[in-house]
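Hi there,

Here is the structure I promised to pass on.

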Amino acid sequence: MADMPAPGERTPDQRDSHLHVQDLGSEVSVRGSYEALLGGQVFDDSKGSRLGVFFWLAVGWMGLVVVAAVTAPWLPLADPDQTGFGGRLDAPSGDAWFGTDGNGRDVFSRTVWGARISLVVGFVAIAMGMVFGGALGIIAGYFRGVVDRLISFVMFAMLAFPGLVLALLFIATLGSSLTIVSVTLGLLAIAPVGRLARAATLLYAEREFVQASRLLGASHGRIIVRELLPNVLIPMSGLALLGMALTVVAEGGLAFLGLSVSDGFSWGKLIVTGAAPRTLREGPWVAMFPIGAMFLTVLALNYAGDRLRWFMDVRELAFER
Amino acid sequence: MVGFVVRRVAALVAVLLAVTGLAFGAMNVLGDPLFNVVGFIASVDCDAVAAGEVDDISGQTAGGRGDCEVIAEARREHHLDRALPIRYGYWLGDIVRGDLGTSFKNEMPVREVIGEKLPKSVLLMVVAQVIAVGLAVPWAVAAAYRAHRPFDRASTVGTFGLVAIPSFALGVILFYLFVVRWQIFSSRYDDTDLWSRLRSMVLPGLTLGLPAAAVYMRLLRTDLLTTLQEDFVLMARAKGMSDQWVMFRHVLRPSLFSLVTVFGLSTAGMIGGSLVVEQIFSIPGLGRALVEAVIRDDFPIVLGGVVVVATGFVVVNFAVDLLYTLIDPRVRADG
């Protein structure tokens with residue numbers, strides 16, 4: 001870590017050149033679709049090494065959503081499935097903050113409850129991507145050779161496969177339980193996370209502290225877990241937040257194809273029900289409030305992930321060797 | 001250069017084999033191909049029928065043949081009695097000869113189905129990319145020209161927001177504003193002539209194109225700022241060239257790398273996004289056909305669609321690699 005510059009040492013201009021011509025091919029391929037979606041560094045705040053007030057705002061929003069989702073059963077909310085809570089498509093008011101839907105159900109309560117499934121899917125999927133993608137990436141980057149070529153090729157093929165089509169294939173044939181949806185989206189997260197983990201491992205595998213450990217007679221397993229893993233986890237944590245945002249969105253996309261979680265409802269499903277032309281005309285709030293919740297959450301995850309990545313200075317990890 | 005192309009083509013073929021193999025395997029292992037061809041009679045135990053122990057379900061089918069004959073014929077025709085890799089080999093052989101098979105459901109040749117649906121999806125991609133690039137280039141030039149000024153800062157916030165909107169949410173918002181509220185566009189897909197087709201593509205194109213424009217704008221702005229610090233720009237300015245001339249003739253071209261790379265990647269992303277967008281705006285494109293086919297277990301259409309989509313993705317990325325060499329002659333040396 002010694003030769004990593006402290007984040008504050010870089011001038012705004014240096015940060016602007018962060019996506020430089022030469023590293024572009026690898027930059028993009030390493031982070032795959034995650035990077036493509038974000039397009040690199042977004043805010044150039046020249047305040048130095050602090051994470052900034054917006055970062056904490058983003059964290060605050062994420063905290064609020066998580067707490068609300070976890071404690072939903074104990075919050076003083078209307079029953080999300082109670083059809084006669086208000087009239088049909090009541091506008092937002094003091095009683096029903098987000099209005100009511102076509103069946104007179106409280107949209108606010110449904111939005112809070114919908115966060116539960118959206119967050120569970122996002123969390124399970126990205127955790128799966130981290131565990132399997134991380135393990136495969138580290139193994140490929142550490143052992144190199146045939147193992148590396150095999151794993152890298154599989155990941156490349158997985159990235160070449162249109163993700164939503166794969167999800168469609170799996171969910172349509174296996175059914176759309178919460179487990180299947182989460183695991184399928186987790187499968188899609190493996191390749192991008194794996195490529196980042198591999199690139200990060202390549203960077204550290206030949207460093208002095210790893211060689212020292214090897215000379216001391218440490219086994220491969222010990223080197224990987226004690227020396228490499230802590231270093232590789234740093235860039236992966238930023239990616240995890242970005243990946244979670246992508247997964248929450250992907251679940252919404254599946255909902256539009258009629259393939260979202262069948263037991264219960266998520267933000268995606270709420271948006272789909274609100275997006276029917278007639279509902280949209282008579283009660284746009286049914287779709288717009290869940291859209292707002294999802295937008296703010298994705299924004300917060302993106303911003304926090306991006307900021308974290310910048311803060312930890314993982315730029316050099318993008319260089320693939 | 002020749003070696004480079006050969007290597008790239010080999011990688012391209014390998015990826016296509018892996019992708020189609022994955023799709024073929026998934027469809028055959030997760031689903032029941034026999035059931036999809038012959039329907040419920042697939043459950044008839046033909047050994048028992050042959051031994052005279054039980055009757056088959058229908059006794060006689062429409063063609064006057066027993067269920068077991070139908071099953072046997074389906075097995076022969078689709079090679080269902082062979083091992084999975086061999087079946088994949090047969091399918092691959094058909095593909096190479098240009099035969100994508102026929103739909104299980106309505107007996108339409110897959111080639112015809114794709115031939116009918118694909119142009120609409122391609123048109124959507126083209127419209128979306130034209131919107132994205134058409135917006136991003138002037139926007140990035142304007143922002144980079146006065147970097148760190150209010151317009152640039154506002155653009156930064158704007159692009160960050162645009163990237164965070166899920167495509168379906170943007171689609172719903174646009175649909176609400178332009179179709180429901182202001183009634184500028186119709187909710188129907190109008191296929192009468194090219195003009196009305198383009199008109200139907202405006203909203204879906206914006207839905208896919210706006211987030212892409214934000215990504216392109218960020219990348220291009222960053223690269224423009226890097227290029228602006230080069231000596232040759234100083235030189236051009238010192239010679240007294242106008243700012244516009246310097247920006248568009250000297251700075252823009254060497255700054256296009258990231259854009260070209262991400263163009264390939266975002267086309268892939270758009271293929272996924274178009275599945276959903278075609279659904280929202282009811283465009284009868286390939287994405288919609290694919291979704292329907294997956295839900296109805298229509299294997300040949302799904303596989304045909306996956307082949308087309310994956311080929312498109314790989315070919316676009318291949319084209320991007322070639323495009324590099326056109327933009328920057330230095331890359332050729334590495335080839």
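Let me start in chain A, where the axes of helix 4 and helix 7 (residues 178-205) come within 4 Å and cross at roughly 35°. Axes here are lines fitted to C-alpha atoms, for helices over the stretch in contact, and angles run from 0 to 180 degrees between N-to-C directions. Helices (H or I, at least four residues) and strands (E, at least two) are DSSP runs, numbered from the N terminus. Nonpolar means Ala, Val, Leu, Ile, Met, Phe, Trp, Tyr, Cys and Pro, charged means Asp, Glu, Lys and Arg, and the others, Gly among them, are polar.

Please keep in mind that this is a predicted model: local features need pLDDT of at least 70, side-chain atom pairs count only at pLDDT 80 or more, and totals for chains, interfaces and linings use all residues. Residues are numbered from 1 along each chain as its sequence is written, and chains are lettered from A and ligands numbered from 1 in the order in which they are written.

Now to chain B, which has 15 helices and zero strands. Of its 335 residues, 39% count as buried (20 or more other C-beta atoms within 10 Å of a residue's own, with C-beta atoms placed from the backbone; 12 or fewer is exposed, and in between is partly exposed). One buried residue is B:Met247, with 21 C-beta neighbours inside 10 Å; B:Met247 is found in helix 11 (residues 243-251) of chain B. Not counting residues up to four places away in sequence, B:Met247 touches B:Val141, B:Tyr145 and B:Leu252, where contact means C-beta atoms, placed from the backbone, within 7 Å.

Also in chain B, helix 8 (residues 167-181) and helix 12 (residues 257-280) pack at an angle of about 25°, with their axes 9 Å apart. These two helices of chain B are therefore roughly parallel (under 35 degrees; over 145 is roughly antiparallel, 65 to 115 roughly perpendicular and the rest oblique). Their crossing is right-handed. Among the residues that meet are B:Phe168 and B:Val172 in helix 8 and B:Val276 and B:Ile280 in helix 12.

Where do the chains touch? The contact takes 54 residues from chain B and 48 residues from chain A. On the side of chain B, helix 12 gives the most, with 14 residues. By class, that side of chain B has 40 nonpolar, twelve polar and two charged residues.

Have a look at helix 10 (residues 267-274) of chain A too: seven of its eight residues are buried, so it is largely enclosed by the rest of the structure. Its buried residues pack against several helices, including helix 4 of chain A and helix 8 of chain B.

Finally, the largest nonpolar core has 172 residues (a set of buried Ala, Val, Leu, Ile, Met, Phe, Trp, Tyr and Cys residues joined through C-beta atoms within 7 Å). Those with the most contacts inside this core include A:Ile271, B:Val172 and B:Tyr216. Helix 9 of chain A gives the most to the core, with 17 residues.

Best wishes

Technical notes:
A crossing is left-handed if the near helix is turned anticlockwise from the far one by less than a right angle, and right-handed if clockwise. Two residues are in contact if their C-beta atoms, placed from the backbone, lie within 7 Å.
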